[in-house]
Every structure is written in C-alpha cells, then in structure tokens.
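Please read the following report alongside the sequence and the coordinates.

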Amino acid sequence: MIKLENVSKSYYLGDEEVKAVDNINLTIKEKEFIGILGSSGSGKSTLMHLIGLLEQPTSGRILLEGKDVSQLKDIELSKVRNRKVGFVFQSFNLINRFTVLENVLLPTKYSKEPLPFDPVTRAEELLRRFGISERKSFFPNKISGGQQQRVAIARALVMHPKMILADEPTGNLDSKTGDEIINILKGLNKEFGVTVVIVTHEHDVAAKTYRQIYIKDGQTVDKYL
Amino acid sequence: MKLRNGWLHLVKTALEDFKRNKVRTLLTSLGIMIGVLSVVLLIALGLGLKNYIKGQFESLGANLIIIFPGNISGSEDGGGVANFGSGFAGGAKFDEKDYLNLTRISEADYVAPMYMKSSIVESTTDKKIGSIMGTNEDAFKLMNIEIEEGSVFDKNDVQSRNKNGVLGNNIAEQLFGSPSDAVGNIVRVDDLRIRIIGVAKKKGDREMDNALIIPYRTTFASLNPDKTFFAIYLGTTNEDNVPVVKEKAKDILLKRYKKDEFSVTEQTEILSTVNQIFTIVNAILVAIGSISLIVGGIGIMNIMYATVTERTKEVGIRRAVGATEIDILRQFLTESLLLSLFGGILGLIIASLIVLGIRAFFPASLNLLAVVISFVVSSAIGIFFGVFPARRAAKLPPIEAIRYE
C-alpha cells in the first residue's frame, strides 16, 4: 500500500536543524491494522503526516501503490488526500459552524470528479452505523467527545478511502470511550479491509493493533523502551 | 453539476458566516455601500443637472444669440470655465435703453429683453411657484413657444403695460384644472393682477411649463423696480447673419459698457461651456466618491485578514480532507466578493431610493451606467482587496494550520 524509503524530515529552529524523522524505511501493506508507538516528540506525528501526504519529506521517497508521491504538486497531493486517505485527529478537528452531517460531507465538496455514490446517502449511512444519526443536525460542540470522534471517523470514511490515519484518536477521551473508538477502527479494518494506522503513545492502545512500529528520536527502533 | 455544487458550497459557507457575524458583515460592507452610494448619486445628480440645463438651452429656438452681463463664455481669452463663477455677479445691468439700441440691428429679426424671477402665482383657489418672465412679443418666436389655448400678448400690450399674461402648461393645469379653464381668469403675482390670455403647449421643460410670461414693461411696476434685465435675446431667421448680429451687438454695447462687462454668446457656445463645466465637476465628485470605495476596500481586506486568522484551523482541516490551495483561495475570495457586492447592491438600492425621492424637485436620473458601475466596481474591489488575505490562507502549511488554536 505505502512504502517509505530512507525518508527524512527536518525542521529549522533558528539555525539549528531538527530531524523529526530520520532515515526511516517502512512498508505498510494493504488491509493492515498497525500501531505506531512513540513518546511525545519522538517524531511519530510527523511520520503520520508524511504517510498522509500532509507534509513533504526533506529527502527520501514515499511510494503510494507503487507510485512516487514525494514530489507531487499541491493539486495532485490534495487529490490523494481527498480520495485515498482519511484522517482522524486527537482533537477531532470538526468545523464547529457546520452541522454533523455537513462535517461528514466536507471531503465530498473537494472531489474534482463526479462521485460514484450519493454523498448524503453515504454520510447518513455512516452516521447510522456509528449510532449518531439522530445527531446529524447538531453542531459538533453540542455533542460528546466520543460522538465527535465518531463524526470524525465518518468524515474520514465518506470518500471510501483505502487507508485511515488516526493520530492519538483516544487522547481526548476517557478509557471506555477510547476503547469504543479503537473497536470501531478495528471493525472497519476487519469488515471492509481498510488499512488503519493508529499513532499513539499509549501501550495498551498499540497493543490492540496487529503490528507495532516503535519510534524514538525520529528513527524506528526494535523495542519501545 | 459538480461545478455548480462547488460554488453553491462556497456561497453557502460564506453566507452562513455572514449570518453568524451579522454586525461585522454589515459594518464591513458599509464602507462599500457608502462609496457606491456616493458615486451613483453623484453620477445621477451630475447627469441629471447637465441634461436639464442642456434641455433648457436646446428648447430655445435656433440661431439664438444671448447677451449676458459679465464675462460668461470668455470666448475672447479662452478661459470659459475659469470665468464662469464671476459671470452673472459683476458686469452690466441691462436696461430698456440697451434693448431699444439692439432693436436697431437690421439683421436681427427678433430682439427680446428677459427679466426672470421665481415667485408665487395665485389663483382664487390655489397657488404655485412659477417663473415670472418679463419680455416682449418676440420672445414667443425666439423660444419656440406655441400656444395651446387663447393667444399671446402683442406690441401694444407691452407698450401700454397691459396686465395680460401667458401661462405655462403645467402651472395652468395645476391652478385651473385645464388650459382652457385658465384663459380669461386672473392670477395674482405680488400685487399684480394678471389676466391670462393664453396657455402655452407643453414643452417638457420645467421652467417653461411653469412660466408666467408677461410684458416686460408690466414688471416695471413692483416686480422689477430697477427696470433691469437678466439677459437680452436676439434671433435671426437666416443663420448666415449670426456673426453680423454678434458684431453689431458688441459695437452697440461697447458704447456703454467695458469689454468684460457683458458677453455675446451663441447657444452652442453656452452649451459647450456648460458641458465642459459639468464634465470637470462630475469627474471631481466621482474622484471624491472613489476615495470612500478604496477606504471600504481596505476595510474588507482588514476583516478578511482577521477572518483568515480566525479560521486557520478550519483551513487546515479542509486541506487535510483534500482542499487544494486554489479551493481555499476561492473560498475566501467568494467571501470578500459577496461582502463587497452586498455593500454595492445596498448602496445602489439606497441611491435609487434617494433619486426617486428627490426627483420631484431635482432632475436626477439613474441610468444603466450607474448600475453597471456599482456592480463592476464593487466586484473589482472585493476581488482586489480580498486576494491578499485569501492568498495568505491558501499558502498556510496544512499541518501548522490544523494545529493552530
């Protein structure tokens, strides 16, 4: 599905170069359910942004379905994000002035080609599946955190992506609700074969995935210490 | 379908934001509103006044030479516009002697002195403001005044100071109901009782249609104790005689007045002077109005920068779900465009209402040009001043934007 070859990403803090991701080689196969585990500042979020094409690597290649995507232009990158990847964030990142349904529909507004499905039907079906269809006309700040994260997952799924990238999806939730969210993601992987990558610093969250990658100081390590 | 959907989403997003920030939206578009309002209004007033004055002159007969006091056209030194202000104020005060001297020009077929004053004209039942014109029988020929009912006064009426008058069509209808009812009736002006012997046909000229034309000697009683005239009109039936008449008139007047105390002008010269003046005045007024448009545009830019900052996180979210830089640019441009257009339309509506309101007593007219200008200018301002904030939003790095709190 996606392959990283010698990928590095550095930032400049003043004159000082900081390597957030340092020469990582990584392959994520289709239909995997995978956890990227690292402490804060380990570079795991940057790694996720690179996989999700939200950032471009400083060096190295990223191959998506065999195609090098590390040097694509904004329009092509946006298209890949729109079609192939769905993001789920720690702080939900819903737009508060839009209703739940409108938030779920947001990615469909940016499709440059006609959609092979009816957006509203698709969005409502997803909301129903996650048990929040009666909340569809609510604004995000009027529903609970668990419900907001379900809306975010529905939004991530609306375009039928091949891969879901979840950055600390349970970070703002209590453990029970967090477990429910992980189970939803697990269900999606099992039922529809969606590739799911969960980035987390919590061992017990990572433990629910089928494969774990440990990150420390921007590099993959064999064992998380 | 897809494109329409995209624009619908953009417009809907913008309108929803306006709804949430009603006061801010209104205040932001206020600048554009005032700008468009003033520009449209100035054009309407300027064009209206220009057409009105043009119409006044054009309704006069052809081959008309008008002698005014003061240096109005400045045809001698070419400073027409510059001298206009000092025109009527200084200079000669024509009297009956000047008029009689001018009648001796053999090439001038018609010579008419002209006394003018706005005054209240009363019938037994009603009263209206009319323009009192004291002149002679030649004036009807000079100014193409045709009679609908009754007749005009003659030379004898002028000589004998008879209190016979001809009413304009509008004022006759307003005072007496119809032109035919007016003839034979009496109107009062100051302490004069004038018998209406004729009513003129409608000319479509406010001044002439509300005129009361009486023999100039009749005005000498109480209306015009100085026995002076505002102007003297000369006319020839043969166009070729116009230069001769002008020369002779100048020679006659120079015996009593200095060169710059009067001006002898043809109708066409006056028209071009009026045109020149109004073109300049209009340009200045529109330039002043444009300043408020620019200030309004800066207001929009300011608010759009604030909006971009406020929605940094939203931009990040949209970028994450697949919005391109151009999508983001378009979103903010739509917003500033709508904001500006909203102000422009509001300004146009208010300007139209004002024009409708003052139409009764001022010849203002709205034209297509004003409407087109309001739309084009406000769209252009919305886009021009919106493009900088929109570019800033589009260039935000997605990751930094999404982390913005």
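This is a predicted model: local features need pLDDT of at least 70, side-chain atom pairs count only at pLDDT 80 or more; totals for chains, interfaces and linings use all residues.

Residues are numbered from 1 along each chain as its sequence is written, chains are lettered from A and ligands numbered from 1 in the order in which they are written, and side-chain values use heavy atoms, with hydrogens and water left out.

**The interface**

Chain B places 27 residues in contact with 26 residues of chain A, contact meaning heavy atoms within 4.5 Å. The size of an interface is often given as the accessible area lost when the parts come together. Here the buried area is about 2400 Å², and carbon and sulfur atoms give 58% of that area; the term denotes the accessible area (1.4 Å probe) that two parts lose on being put together, summed over both. Of the area that chain B buries against chain A, 23% is supplied by Ile317(B), Val321(B) and Ile399(B), more than by any other three residues.

Between chain B and chain A there are five salt bridges, each defined as a side-chain nitrogen of Lys or Arg within 4 Å of a carboxyl oxygen of Asp or Glu. Over all chains, a search of the whole structure finds 35 salt bridges. Two that link chain B with chain A are listed below.

| Residue in chain A | Residue in chain B | N to O distance |
|---|---|---|
| Asp74(A) | Arg319(B) | 2.9 Å |
| Glu102(A) | Lys12(B) | 2.7 Å |

Helices here are DSSP runs (H or I, at least four residues), numbered from the N terminus.

**A nonpolar surface patch**

On the surface, Ile345(B), Ile349(B), Leu353(B), Leu356(B) and Phe375(B) form a nonpolar patch with about 470 Å² of accessible area together. Such a patch joins nonpolar side chains (Val, Leu, Ile, Met, Phe, Trp, Tyr) within 5 Å, from residues with over 30% relative accessible area and no salt bridge, and the accessible areas come from the Shrake-Rupley method with a 1.4 Å probe, only the protein chains shown counting as cover for residues. Helix α14(B) contributes the largest share of the patch, four residues, and Ile345(B) is found in this helix.

**Around Arg217(B)**

Arg217(B) has its place in helix α10 (residues 216-219) of chain B. Not counting residues up to four places away in sequence, Arg217(B) touches Glu96(B), Val158(B), Gln159(B) and Arg161(B). The C-alpha atoms of Arg217(B) and Gln159(B) are separated by 7.0 Å, although the two residues are 58 residues apart along the chain.

Note on methods
Patches are made of residues with over 30% relative accessible area and no salt bridge: like charges are joined within 9 Å, nonpolar side chains (Val, Leu, Ile, Met, Phe, Trp, Tyr) within 5 Å. Helices (H or I, at least four residues) and strands (E, at least two) are DSSP runs, numbered from the N terminus.
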